[in-house]
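Here is a protein chain to get to know. Have a look at it first, and then we'll walk through some of its features together.

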Amino acid sequence: LDVSGTSVVQVTATDADDPSYGNSARIIYSILQGQPYFSVEPETGIIRTALPNMNRENREQYQVVIQAKDMGGQMGGLSGTTTVNITLTDVNDNPPRFPQSTIHLRIPESSPVGTAIGSVKATDADTGKNAEVEYRIIDGDGTDMFDIVTQKDTQEGIITVRKPLDYETRRLYTLKVEAENTHVDPRFYYLGPFKDTTIVKISVEDVDEPPVFSRSSYLFEVHEDIELGTIIGTVMARDPDSASSPIRFSLDRHTDLDRIFNIHSGNGSIYTSKPLDREISQWHNLSVIAAEINNPKDATRVPVYVRILDVNDNAPQFAVFYDTFVCENARAGQLIQTISAVDKDDPLGGQKFFFSLAAVNPNFTVQDNEDNTARILTRRNGFSRHEVSTYLLPVVISDNDYPIQSSTGTLTIRVCACDSRGNMQSCNAEALLLPAGLSTGALVAILLCIIILLVIVVLFAALKRQRKKEPLILSKEDIRDNIVSYNDEGGGEEDTQAFDIGTLRNPTAVDDKKLRRDIIPETLFIPRRTPSAPDNTDVRDFINQRLKEHDTDPSAPPYDSLATYAYEGNDSIAESLSSLESATTEGDQNYDYLREWGPRFNKLAEMYGGGESDKDTS
């Protein structure tokens, strides 16, 4: 506050005494604490400032004690006190001030645009919005190179790079920065301008910079027929540092995988190392690298675009494959095909093709439509597919660019049978088959018959192979005569697992399918069912009947228990062969009669005869 006596607050005290009785209720106010800054009016209790130019920045809080006393303040009167806390509020009566008149900052020349160099700050004794400051650059030789931004939360001015810096161009910049209050109270204009300035000097530091190309990109145009090693263009770069180091150029091979181009490392000249072909690739996008020889890590890249210009080095050809035919009843001058051509080249004036025949043809001619198409016409009446089924017509196609390119395409013209409207019905394929007297249907039928016969032969051979069995007698010396035919000798009377003797007593039981339990059959089969013998048929006749059936059936396996020789029968010429009966005979048995039975019993005779010899020897 700059004026004394300003009212601050009024305090009021009450007295319960009767105000009409003398001075008992008359109250007088006085200040006990707070002087010399404040005073109080005795009668009203209004507290006022006592000093001019009270400054919040010096002291903000005050405590004032006020006394109220009755009896008009005389001796003997009663009193009471109260405490009043007074706070001075702020006004914008202080301008911002920079603590330094000159500020020095440094920044590398490689700093990108937008990099913060440093900050400046002006102090303001006020608070709140009265202390808010706005910064600006008002003068200096770097006003176009730098910017300053006010940071609201910290009330600082941040200086940033506005344009790229170059140590070799300029090394020192001087800025004049101003700080000004944004909320100025007109009552305090007399205190002077509410702003301040300072000088900011910015030093640019030298950095080893990479090379700089003369252009941001390069475009070279070259014809596709140039010779190998021809220079198509040159890129240039320099070292921006004061040392000016030598530079080495190279191609990024990821942009030239086929290695069509190369570059001189010393002067940056780009030349061809392989033939060019516009029809394969019209554009080549290269990347050239420039690096200092002393510091290869500092490198710069630049795009190089190579456009391949066209040269007339391709001959025109048929646009598509033409399946052409002529009717047997065609007349002279009849249109049979319209042809067109394409060319890989792309001349500036557009494509223009000419069509002609390679030689005079008595059957067909070509007529150029002068619109890059041509018509194939017949030159005579009637064609016969029996005489000539196919004609080959060479057609020459040429362009009009320099140098002129031409090619010969051959049309294959088939002779076909057509209806009255010229629609194709059949061509030379059927015509070649008809003179032989066989139609397509007949050939198909013959082929089917051959296939059926082959299938029948294969099936018959398979059945024959299935029915074929091994011979029952393996060698001439095998002594198992009838036994071998059943492939089993039997186990004798004590072998109860080889057969069921009840079957002999009950012939009707043979109708059931029963397999042997002591061996595993090699092939399962279904036995032939025959009428059962009457119950009164002799067992011997039954066995003979079964033996006859097995002997006459070469495919019947020998696993039927009826094939065992558990029952010998009567009136055998060879008498009994049982070893059990021989054992009960007194004396030695003579087996020489076995030799009289023939060669089949030779081995059996040797076995028994040999036994006697061994016995005599022992």
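Where does Pro-36 lie? Pro-36 sits in the loop between β2 (28-33) and β3 (38-40). Strands here are DSSP runs of E with at least two residues, helices are runs of H or I with at least four residues, and both are numbered from the N terminus.

## Before we start

What you're looking at is a predicted model: local features need pLDDT of at least 70, side-chain atom pairs count only at pLDDT 80 or more, and totals for chains, interfaces and linings use all residues. Residues are numbered from 1 along each chain as its sequence is written, and side-chain values use heavy atoms, with hydrogens and water left out.

Most residues other than glycine have a negative phi, and most peptide bonds are trans. Back to that proline: Gln-35 and Pro-36 are joined by a cis peptide bond, with omega at about 5 degrees. Tyr-402 and Pro-403 are also linked by a cis peptide bond, where omega is about -10 degrees. You'll find Pro-403 in the loop between β29 (390-399) and β30.

Phi gives us two further places to check. Gln-155 isn't a glycine, yet its phi is positive, near 55 degrees. Gln-155 belongs to the loop between β10 and β11, and it is buried, with a relative accessible area of 17%. (Buried means under 20% relative accessible area, exposed over 50%, and partly exposed in between, using a 1.4 Å probe and protein chains only.) Asn-372, not a glycine either, has a positive phi of about 70 degrees; look for Asn-372 in the loop between β27 (364-368) and β28 (373-378).

## The disulfides

Count a disulfide whenever a pair of cysteine sulfur atoms is within 2.5 Å, and you get two disulfides. One joins Cys-327 to Cys-418, with 2.1 Å from S to S. This pair links distant parts of the chain: Cys-327 is in strand β24 (residues 324-327) and Cys-418 in strand β30 (residues 406-418), 91 residues apart. The link of Cys-327 and Cys-418 is left-handed, at -85 degrees about the S-S bond. Cys-327 counts as buried at 5% relative accessibility, and Cys-418 counts as buried at 13%.

Cys-416 and Cys-427 form a disulfide too, with their sulfur atoms 1.8 Å apart. Cys-416 is in strand β30, while Cys-427 is in the loop between β31 (424-426) and α1 (428-433), eleven residues along. The torsion about the S-S bond of Cys-416 and Cys-427 is about 95 degrees, so this disulfide is right-handed. Both Cys-416 and Cys-427 are buried. Number the bonded cysteines along the chain and the pattern is 1-3, 2-4.

## A nonpolar core

A nonpolar core is a set of buried Ala, Val, Leu, Ile, Met, Phe, Trp, Tyr and Cys residues joined through side-chain atoms within 4.5 Å. The largest one has 23 residues, and those touching the most other members are Val-120, Tyr-135, Phe-146, Ile-159, Val-200 and Ile-202. Its largest share, four residues, comes from β12.

Zoom in on Val-120. Leaving out residues up to four places away in sequence, Val-120 touches residues including Phe-98, Ile-103, Tyr-135 and Val-177. Contact here means heavy atoms within 4.5 Å.

## Helix α2

Helix α2 (residues 440-467) has 28 residues and reaches 41 Å from its first C-alpha to its last. That is close to the expected 40 Å, which is 1.5 Å times one less than the number of residues. How many of the 28 residues in α2 are buried? The count is zero, so to speak a helix that is hardly covered.
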